[in-house]
Amino acid sequence: MTCTGTGIPEPKVTWLLNGSMIDYTSTEKAVNAVVDTKLADLQNGTNSYRVNSKIVITGRKFPLHIQCVVKNEMDEVYSENIYALYVAIMNVKLTTATVRWLVHPDMNTSFLTGCGYNVSLTCGKEYNKTMTVYNRSSVTFSNLKMGRPYTVKIQALNKMGDLAIGAAWFYSPDKLPKPKHIYLKISSRKAVVGWESISANTTIHGVLLGYKVISIGKYKTLNITLANDANNVVLQHLIRKSDYIITVRGYTQYGEGRILEYNFTTLDVIPPPSNVKITSISANFAVVQWTVIEQREENYDRVTGYTVTVRNETHFFNITTSNSSSSVPISHLLPNTSYRVSVVGLSEEIEGMPSEWISFKTNLTQNRLAQFPSNDQGESNKTKGESSSSLTIVILAVSIIVGAIIVLAVFAFIQLRRRSINKKHNIAPNQQVMDNPMRNIDNNLRILYPEYYNDGASNGPEDLPSWEISRARLAVLDIILGGGYFGVVKEGVFMQSLSDDAENQKMPVAVKTLK
């Protein structure tokens, strides 16, 4: 502020800041403001002296009350009251801003009686708007142009000549620029979207808080919010051969930035291998061959390998090989068994479309095989551990069962052979005991139960064959040892001879009879 005074004799100019007098030698720091006063221009006129003085105040945080005093030895004159308002810019958004000011406590309630504050907002020649407000200390401007510097001036003059003034400037924020150099890695079911991090002016654009990504598909829209240090996103579970729109934008405390939009189409899955066939077959071995799938990454997923699936009625297993292989040997097969085989291409994420199933049957016996075609690169194929182990277990179990059956058969044959030999030794050649089975059964019943037969059947040893015993030498007790559906086994006592020493001739025996 500048104050001009005239008078005779030479006057001096002093300043009052919030009621305290300061001059050009003062180093006082009032209300956090740097104050400087000095005599600017002293002129010797014919009738008076003219004195100019200036005060500069910076860095203030609240309103000030300023007066200029011109005095000499004869008199002193006070200027009108000047009230410097504290102006703050609040709620700054992309196209709006609110101006708020604080008045000095020395301004009484009658200061603005009948008048108001004139608030003007300018931006060069692009924007100039003035508003007059009453009984308020704030005003909101709209329709601002983004990323422009604006100046606010506030002025109020009452009838006493007292003046209230204030000023401030600010930048209207601008939208963040859109990300640059977007790149995509696309497959049939997944897309990796990346971009360069946004570099912006925090004064104009604000602080980058993060990114917002929107993926729009035929059936689904996906919204993703990322941190400010992210520069890529992975979109999963996409639909093959489908069109998508993806947008990327940053956002600050002022709002969302400018949009980067990109359209892409997902790839198709890998087509099935062609010309799948079995080239060699033996009892437990076969070779499957196919035509290698041509790499066309602009149309379908990149081929990274192949999986051969082998299946029969009870189990299956897989064999994985490289993308350059066109054949694979299949081992550990069962003889005389029907199998089916299919080949499918592999990508980094998923399998492609499988080939049709090819059926074949292994030989009954092992034959001499011709030379098998090897893999193009001579690489060995890896069989999945689980399927190979299952096949080994099945083969081992079958071998154990077959071996047990053979052992049991040999054991049974030996026992039968021994019984046959014993019978030949015990029965005389001239005896025709088994010529008439019904006669033998009847004789046995007569011997065991003579009381039921009254035909004078003899129990004497002279009437019996050499392998039969006399009923008189056998006593059957009522002690049951066991039995079945048709017979019962009881305890008995057999007399080896009918001599006088009978006690020494007794022998315990088991007697089997019909029920």
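Reply: First, a term: a polar contact is a pair of N or O atoms within 3.5 Å. Note also that this is a predicted model.

Me: Which residue's side chain makes a polar contact with that of Thr321?
Reply: Thr321 lies in strand 28, residues 316-322. Its side chain has a partner at 2.8 Å, within the 3.5 Å cut-off. That partner is Ser325.

Me: Is Thr321 buried or exposed?
Reply: The cut-off for buried is under 20% relative accessible area. Thr321 has 9% relative accessibility, so Thr321 counts as buried.

Me: In strand 28, which residue is the bridge partner of Val310?
Reply: Strand 27 covers residues 305-311 and pairs with strand 28 in the antiparallel sense, over seven bridges. A hairpin of four residues joins the two strands. Within strand 28, Val310 has as its bridge partner Phe317.

Me: How many disulfides does the structure hold?
Reply: Cys3 and Cys68 are joined by a disulfide, with 1.9 Å from S to S. Both cysteines are buried. The count for the structure is one.

Me: How many residues apart are Cys3 and Cys68?
Reply: The disulfide joins Cys3 to Cys68. This pair links distant parts of the chain: Cys3 sits in strand 1 (residues 2-7) and Cys68 in strand 7 (residues 64-71). The separation is 65 residues.

Me: What is the handedness of the link between Cys3 and Cys68?
Reply: The angle about the S-S bond is -85°. That makes the link of Cys3 and Cys68 left-handed.

Me: Which residues touch the most other members of the largest nonpolar core?
Reply: This core has 23 residues. Elements giving two or more residues to the core include strand 11 (97-102), strand 12 (117-123) and strand 15 (149-157). The residues with the most contacts to other members are Trp101, Tyr117, Val119 and Ile154.

Me: What share of the residues of the protein chain counts as buried?
Reply: The chain has three helices and 35 strands. Its accessible surface is about 32000 Å², with 53% belonging to carbon and sulfur atoms. Of its 515 residues, the share that counts as buried is 35%.

How values were computed:
Residues are numbered from 1 along each chain as its sequence is written. This is a predicted model: local features need pLDDT of at least 70, side-chain atom pairs count only at pLDDT 80 or more; totals for chains, interfaces and linings use all residues. Side-chain values use heavy atoms; hydrogens and water are left out. Buried means under 20% relative accessible area, exposed over 50%, partly exposed in between (1.4 Å probe, protein chains only). A polar contact is a pair of N or O atoms within 3.5 Å; within protein, one must be able to donate a hydrogen and the other to accept it, and residues adjacent in sequence count only if both atoms are side-chain atoms. A disulfide is a pair of cysteine sulfur atoms within 2.5 Å. Two strands pair if DSSP finds at least two bridges between them. A nonpolar core is a set of buried Ala, Val, Leu, Ile, Met, Phe, Trp, Tyr and Cys residues joined through side-chain atoms within 4.5 Å. Accessible areas come from the Shrake-Rupley method with a 1.4 Å probe; for residues, only the protein chains shown count as cover.
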